[in-house]
Amino acid sequence: MVFARHSYAGHPKEPVSALAASPRFVRIVRRNLLQAGVVAPAEAPPGAATAVS
Amino acid sequence: MSDHRFTAMGCEVLVGGATRSERAAIERLFAEREAVFSRFVPGSELSRVNASAGRVIMVSPLFAQTLRIALDAAAETEGLVVPTLGGALQAAGYTRDSSTLAPDPAPPAPAPPAGSVFALGRFVGLDAGVTLDLNGVVKALAVDDAVALIGGDGFVSAGGDVAARGELTVALPGGGSVALREGALATSGSTKRWWLRGGNVQHHLIDPRTSRPAETPWSQVTVCGASCLAADIAAKAGFLLRERGPAWLDRKGIPARFLTADDEVTANAAWRTSMGESAPCI
């Protein structure tokens with residue numbers, strides 16, 4: 001009985017944790033949504049334009 | 001390979017550097033996204049979701065993923081760029097393509113009360129009275145996905161959103177141009193999608209704090225992001241934050257350029273650093 005309680009999957013010895021991404025991981029992913037690109041002074045004629053949408 | 005133009009999502013789409021089959025695939029992609037996410041097409045999935053406010057329904061994987069990104073954008077922008085402003089847009093008179101909106105002497109309708117959206121996997125529920133508008137992320141995502149379809153160097157430009165593979169020189173609002181080396185550029189502003197309601201100018205960039213078209217010193221905000229999605233969300237946030245926009249984007253290290261109605265340019269520190277401080281735009 002004691003052996004079963006310490007080894008059977010239905011009797012975990014440690015507190016169970018949810019199978020989900022950790023809050024820290026989620027925070028990092030969300031922070032990565034707004035990342036900068038790279039711009040530099042133009043050296044060639046424009047090939048496209050950005051204007052209001 | 002010559003540039004290819006077509007119209008989708010209420011704007012002209014320009015594709016450069018793509019093969020014939022890539023151009024066709026990009027055109028299909030825009031058509032499919034518009035069919036799913038248009039607020040003006042009664043049979044779109046977005047219209048079906050909006051008509052189901054007050055109960056939970058199952059949506060397509062594409063819709064669920066896009067809504068998830070829109071909700072992440074809302075969190076990232078501290079509630080500025082949110083997907084639940086469809087009702088406020090309708091109240092302001094944006095009930096169909098803005099190019100077809102005639103002046104209306106009636107004042108804007110009262111904005112609907114704020115509500116929330118529930119999303120868990122493919123299950124979505126809107127509070128009664130809430131109307132989604134995902135335009136804030138759908139066009140930018142389409143541009144990002146479209147440029148990924150190009151095998152070599154090329155670009156996709158839709159309205160103010162430009163994403164490129166390889167370096168591309170891009171003309172800026174109000175004059176000048178810039179070399180886009182990595183990522184994408186997006187411009188948000190109030191000078192194209194606007195209309196008159198009750199004698200007052202209305203536009204599509206709604207301030208969630210007032211549920212009314214934003215009042216801001218900027219007419220157009222251009223941002224360089226790692227993706228078109230990042231650039232578009234950041235540009236909208238910068239526009240809505242008024243005078244605090246340049247500093248807010250600097251805190252995130254995102255280059256941004258702000259244009260007033262008088263064509264005065266304000267660049268934030270990240271943009272000036274990218275330009276080499278003393279090197280002006282040509």
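In this predicted model, L34(A) counts as buried because 24 C-beta neighbours lie inside 10 Å of it, and 20 or more are needed for that label. L34(A) is found in the loop that runs between α2 (23-31) and β1 (38-41) of chain A. When its neighbours within four places in sequence are left aside, the contacts of L34(A) are with E76(B), A230(B), I233(B), A234(B), K252(B) and I254(B).

**The side of chain A that touches chain B**

Taken over the two chains, 22 residues of chain A are in contact with 55 residues of chain B. On the side of chain A that touches chain B, the elements that give two or more residues are β1 and β2 (48-49) of chain A, and β1(A) gives the most, with four residues. The residues on this side of chain A divide into 15 nonpolar, five polar and two charged.

An open sheet of four strands has the order β1(A)-β9(B)-β8(B)-β2(A), and its pairing is mixed. Because β1 and β2 of chain A stand at the edges with a single partner strand each, one side of each is left without a neighbour in the sheet. Strands of a sheet pair through backbone hydrogen bonds, either parallel or antiparallel.

The hairpin of β8(B) and β9(B) has five residues between the strands, and G174(B) takes a positive phi near 80° in it.**Strand pairs within chain B**

A second open sheet, of three strands, has the order β3-β5-β4 (chain B) with antiparallel pairing. Its edges are held by β3 (56-58) and β4 (117-120) of chain B, each with a single partner strand, so one side of each is left without a neighbour in the sheet. Direction ignored, neighbouring strands of this sheet are turned by 20° against each other on average. Four bridges join β4(B) to β5(B) (residues 123-126), where V117(B) stands opposite L126(B). The helix α3(B) packs on this sheet, touching β4 and β5 of chain B, and the direction of α3(B) makes about 125° with that of β4(B).

A further antiparallel pair is formed by β11(B) (residues 194-197) and β12(B) (residues 200-203), which four bridges join, and the bridge partner of L196(B) in β12(B) is V201(B). These strands form a hairpin with two residues between them, and G198(B) in the turn has a positive phi of about 60°.

| Strand pair | Bridges | Sense |
|---|---|---|
| β4(B) and β5(B) | four bridges | antiparallel |
| β11(B) and β12(B) | four bridges | antiparallel |

**The helix α5(B) and its crossing with α3(B)**

Two packed helices are described by the angle between their axes and the distance between the axes. For α3(B) (residues 61-76) and α5(B) (residues 135-147), the axes come within 9 Å and cross at roughly 115°, and the crossing is right-handed. In this contact T66(B), I69(B), A70(B) and A73(B) of α3(B) meet G136(B), V137(B), V138(B) and L141(B) of α5(B). The residues of the contact divide into six nonpolar, two polar and no charged.

The helix α5(B) has 13 residues and reaches 19 Å from its first C-alpha to its last, which is close to the 18 Å expected at 1.5 Å a residue. This helix is mostly covered, since 12 of its 13 residues are buried; among them are N135(B), K139(B) and D144(B), together with G136(B), V137(B), V138(B) and L141(B). Besides α3(B), the buried residues of α5(B) pack against α1 (20-37), β6 (154-158), β7 (161-165), β10 (184-189) and α6 (228-240) of chain B.

Definitions and conventions
Residues numbered from 1 in each chain as written. Chains lettered and ligands numbered in written order. Predicted model: local features only at pLDDT ≥ 70, side-chain atom pairs only at ≥ 80, totals over all residues. Contact = placed C-beta atoms within 7 Å. Nonpolar A, V, L, I, M, F, W, Y, C, P; charged D, E, K, R; others polar. Pairing = 2+ DSSP bridges. Axes fitted to C-alpha atoms, helices over the stretch in contact; angles between N-to-C directions. Left-handed = near helix turned anticlockwise from the far one by under 90°. Expected span 1.5 Å × (residues − 1).
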